[in-house]
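Hello,

Here is the structure you are taking over. My notes on it follow below.

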Amino acid sequence: MDKSIIKNIRFGDIIIILIIVISIFYYAKNLIENKGSKIIIDTPSKSLRYDLNTDREIKAEGLIGETTIIIKDKKVKFEHSPCRDKLCIKAGELKNAPIICMPNGVLIRFEKNTENDITIDSVVQ
């Protein structure tokens, strides 16, 4: 490295760099941990809400056909979709990131659990 760059670093620069590095590690840690306890499946006609702690198979009607979604071991994945490229299926199981099947118009997103004792699944329209 150029020695003039090292000499020009000030205390404030070091503090800013440390804050950025700590923020990155904190954000990455939160992404890795499973913070969402419920998922919301958005289809063209309705939104479905399910508990991530209950293993199940879900059929959701999309724009071009029926999509099968599997919840197992607090992870969610597309099992079957009528789309051509099957990129949603190739994404595999995810714990805390949204998944979308664009051609079929089906989106799976995670929701943080704000009320710990609610275990009822609901349909939102």
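Arg 49 counts as partly exposed, because its relative accessibility is 25%. The classes are these: buried means under 20% relative accessible area, exposed means over 50%, and partly exposed lies in between, using a 1.4 Å probe and protein chains only. The side chain of Arg 49 meets that of Glu 111 in a salt bridge, at 2.9 Å from N to O. A salt bridge here is a side-chain nitrogen of Lys or Arg within 4 Å of a carboxyl oxygen of Asp or Glu. Arg 49 sits in strand S2 (residues 47-51) and Glu 111 in strand S7 (residues 106-112), so the pair ties together parts 62 residues apart in sequence. Glu 111 is also partly exposed, at 23% relative accessibility.

Before you go further, note that this is a predicted model: local features need pLDDT of at least 70, side-chain atom pairs count only at pLDDT 80 or more, and totals for chains, interfaces and linings use all residues. Residues are numbered from 1 along each chain as its sequence is written, and side-chain values use heavy atoms, with hydrogens and water left out.

**Other salt bridges**

The whole structure holds five salt bridges. One of them joins Lys 59 and Glu 57, at 3.3 Å from N to O. Lys 59 is partly exposed, with a relative accessible area of 45%. Another links Asp 85 to Arg 84, at 3.5 Å from N to O. Asp 85 is partly exposed at 42%. Arg 84 counts as exposed, at 74%.

**Overall layout**

The protein has three helices and eight strands. Both are DSSP runs numbered from the N terminus: helices are H or I with at least four residues, strands are E with at least two. Along the sequence the pattern reads α-α-β-β-β-β-β-α-β-β-β. Of the 125 residues, 27% are buried. The accessible surface comes to about 8,800 Å², and 59% of it belongs to carbon and sulfur atoms. These areas come from the Shrake-Rupley method with a 1.4 Å probe; for residues, only the protein chains shown count as cover.

**The sheet**

Three strands form an open sheet in the order S3-S4-S5, with antiparallel pairing. Two strands pair if DSSP finds at least two bridges between them. S3 (56-61) and S5 are the edge strands, each with a single partner, so one side of each has no neighbour in the sheet. Neighbouring strands are turned by 30° against each other on average, direction ignored.

S4 (residues 66-72) and S5 (residues 75-80) are joined by five bridges. Thr 68 has His 80 of S5 as its bridge partner. Ile 71 has Val 76 of S5. Two residues lie between the strands of this hairpin, and Asp 73 takes a positive phi near 55°.

**The core**

Which residues have the most contacts inside the largest nonpolar core? They are Ile 39, Ile 41, Ile 69, Val 76, Phe 78 and Ile 108, in a core of 18 residues. Such a core is a set of buried Ala, Val, Leu, Ile, Met, Phe, Trp, Tyr and Cys residues joined through side-chain atoms within 4.5 Å. S7 gives the largest share, three residues. Strands S1 (36-42), S2, S3, S4, S5, S6 (99-101) and S7 each supply at least two.

Take Ile 108. Leaving aside neighbours within four places in sequence, Ile 108 is in contact (heavy atoms within 4.5 Å) with Ile 39, Ile 40, Ile 41, Ile 69, Val 76, Phe 78, Pro 98 and Ile 99.

Best wishes

Technical notes
Axes fitted to C-alpha atoms, helices over the stretch in contact; angles between N-to-C directions.
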